[in-house]
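The exercises below concern a multi-chain model. Each has a task sentence and a worked solution.

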Amino acid sequence: MEVTLLVQATDDAFRTLENARQQAIGLLDTAVGLTAETRSVQKKNIQAIFRGAQETRSKLQNFIGTFFLMFVFWVLLSGRFDTFHLTLGIICCLFISLLSYDLLFANIRIGDYGLVVRRFLSYAPWLIYQIILSNFHVAALALKPNLPVDPHVMKFKTKLETDISWVTLANSITLTPGTITMDIKDGEFYVHALDKKVADDLDTGEMEDRIAHIFMEADHIYVQDALDVARIYGAIR
Amino acid sequence: MWPEYTEQSDNFGGKNKMIRVTDDVIIKTIARVLTPFIQVYALYVIMHGHHSPGGGFQGGVILAASLILLLITHGWAETKKKFSETKTAVFCAVGVLIYTGIGVLCIFMGGNFLDYGKLGGLLMVIPPEARSLGILGVEIGVGITVMAVMFSIFFDTSTGGNSPEDETTSSLR
Amino acid sequence: MMLIKIIAVIFMLAGLFFFTTATIGLLRFPDFYSRLHATGKGDTLAVFLCFLGLSLYNGFNLTSLKILFIAVFMCLAQPTATHAISRAAFRCGLKPWMKEGENK
Amino acid sequence: MHEFFLSTSILLCFLVLLCLYRGTVGPGVLNRIAGISAIGTKTLVILLLMGFIYDRVEMFVDISMVYALLNFIGTLAVAKYLEIEGEV
């Protein structure tokens, strides 16, 4: 009886160990995949810089990109597809592209845009979920008779680098539960929170990590994750 | 906890504060992204004035609004590259010239002032189409003038009549 | 066809609910920053939901795409405007309202 | 469906009145701006609903978009003005 129990316990232990190993392998694969993805983009960046390409796009590329985007927008607005209106649209879009070709695509790094867009689209559902959550939070606060708000101001230093990721982070903070970006000064975000709890939630930095993941900045976290998992994996073996 | 804005004087003091570049990266980036869309929309309002609401005046105001957005977020130094004071004056005049030119052309073709139907002989189209094209031309002229005048009104009221170049030279003395 | 109409009405009712709570929050919250919480978040989602419902009701054409474009534009513009106002207040030195005993 | 749109517009108009309280009474300039900006977003929806009520959506969509643009630019301009004035 005791022997069977012992065998069972050992079995369980082995099964747990095996599960942990499988999980570790999965984590390692994910981390390695993420790192490889990021790495390939970085390699492309470095190659582009070494090939003599500019860090940002050239004027002509900006002009053509702006022109096509504006023309699509014109067709969406106009809704008339006869020759006269399309010609008018081409003239207008040429004028606009001449006037402001350096506005729309300024400060964009050379890299894999498809990857950024895909990652952003996978980030959007989480953001929408957070927005809906935040609205219910504010609604509940506004409708409660005793008005349980307890505002806090907190500041944190961000690890993001480019302005487009700052903008994404700041607007996401403004849209998600109970927090508003009040000011950005020297890379420090001053955030007004309605509640102690949401302030703590923001402090965990989940959103920042996600945005760093989208724009492929601060990549060292992912490398560090992979190394950690590899160490655990080696220990288990 | 609270940031000290003791160095306010560089960004806050002095004259012409309204047309200084803002140091907020969020407002700058959003304005940068939205400006071309607003401009295309303004041109759409001008060009489709005879099908949908709007026309020269409204489109010109929206175009001026996009330039004002650029002016209050990116500052005068950046906006000057696109729309300088000289260009403002020239555009004011050109818009009125287009408007009056079309009107007077109608008189030369044998009609009244702004009698677009008479332009048909010149453009080699039937009178209704000539009327449509004439209205389009007049609206473009009105739009250009309204944009330039609106922009210069905002510029002059926000600077109080002092040109930013004057200020930089006078502060050196 | 009926189903799409029902979904559109549900979206619009949700938008109205958030409009109402945002307005109540704007009226009831104790200080300026917390009022911005109400308008900045509530109005964004409410406008988005209302426009989504209206474009669903309108069917699939260019006008619906325009309505959706306004919705996306509002999602970009509303947080930025909120940030601009709150930044102006912050730089002017307006201190947020805190609960008693927590004055910093 | 038109009745639903009409009642929605009336409710929104009522909410605009409530926001107008914050826009007229609210202590300080900043509260007034917050109230006016809230009115602006509600007006967008009211304009579009008017389009559905009058069956001229493609016309009112343009007006609504202009309103959105000008509301945004106006808020930014007023915020910048207050910021450089430095007083609440």
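**Exercise 1. Describe how α1(C) packs against α2(C).**

Solution. Start with the geometry: the two helices, α1(C) and α2(C), meet at an angle of about 165°, and their axes are 8 Å apart. Axes are lines fitted to C-alpha atoms, for helices over the stretch in contact, and angles run from 0 to 180 degrees between N-to-C directions. Then sort the residues by class: the contact of α1(C) with α2(C) has 18 nonpolar, six polar and three charged residues. Here Ala, Val, Leu, Ile, Met, Phe, Trp, Tyr, Cys and Pro count as nonpolar, Asp, Glu, Lys and Arg as charged, and the others, Gly among them, as polar.

The model is predicted; local features need pLDDT of at least 70, side-chain atom pairs count only at pLDDT 80 or more, and totals for chains, interfaces and linings use all residues. Residues are numbered from 1 along each chain as its sequence is written, while chains are lettered from A and ligands numbered from 1 in the order in which they are written.

**Exercise 2. Characterise the side of chain C that touches chain D.**

Solution. First, count the residues: chain C contributes 34 residues to the contact and chain D contributes 38 residues (two residues are in contact if their C-beta atoms, placed from the backbone, lie within 7 Å). Second, locate them: α1 (2–28), α2 (32–58) and α3 (62–92) of chain C each give two or more residues to this side. Helices (H or I, at least four residues) and strands (E, at least two) are DSSP runs, numbered from the N terminus. α3(C) gives the most, with 15 residues. Third, classify the side of chain C that touches chain D: 23 residues are nonpolar, five polar and six charged.

**Exercise 3. Which residues touch the most other members of the largest nonpolar core?**

Solution. The core holds 138 residues, and C:Ile85 and D:Leu76 touch the most other members. A nonpolar core is a set of buried Ala, Val, Leu, Ile, Met, Phe, Trp, Tyr and Cys residues joined through C-beta atoms within 7 Å. α2(C) gives the most to this core, with 15 residues. Now list the contacts of D:Leu76: leaving out residues up to four places away in sequence, D:Leu76 touches B:Ile27, B:Leu69, B:Ile72, C:Ala81 and C:Ala84.

**Exercise 4. Is A:Pro151 buried or exposed?**

Solution. Begin with the position: A:Pro151 is in the loop between α4 and β1 (152–157) of chain A. A:Pro151 counts as buried because it has 22 C-beta neighbours inside 10 Å (buried means 20 or more other C-beta atoms within 10 Å of its own, exposed 12 or fewer, partly exposed in between, with C-beta atoms placed from the backbone). Apart from residues up to four places away in sequence, the residues that A:Pro151 touches include A:His192, A:Ala193, C:Tyr33 and C:Trp97.

**Exercise 5. Where does D:Asp55 lie, and is D:Asp55 buried or exposed?**

Solution. D:Asp55 sits in the loop between α2 (28–54) and α3 (57–85) of chain D. D:Asp55 counts as exposed because it has 8 C-beta neighbours inside 10 Å.
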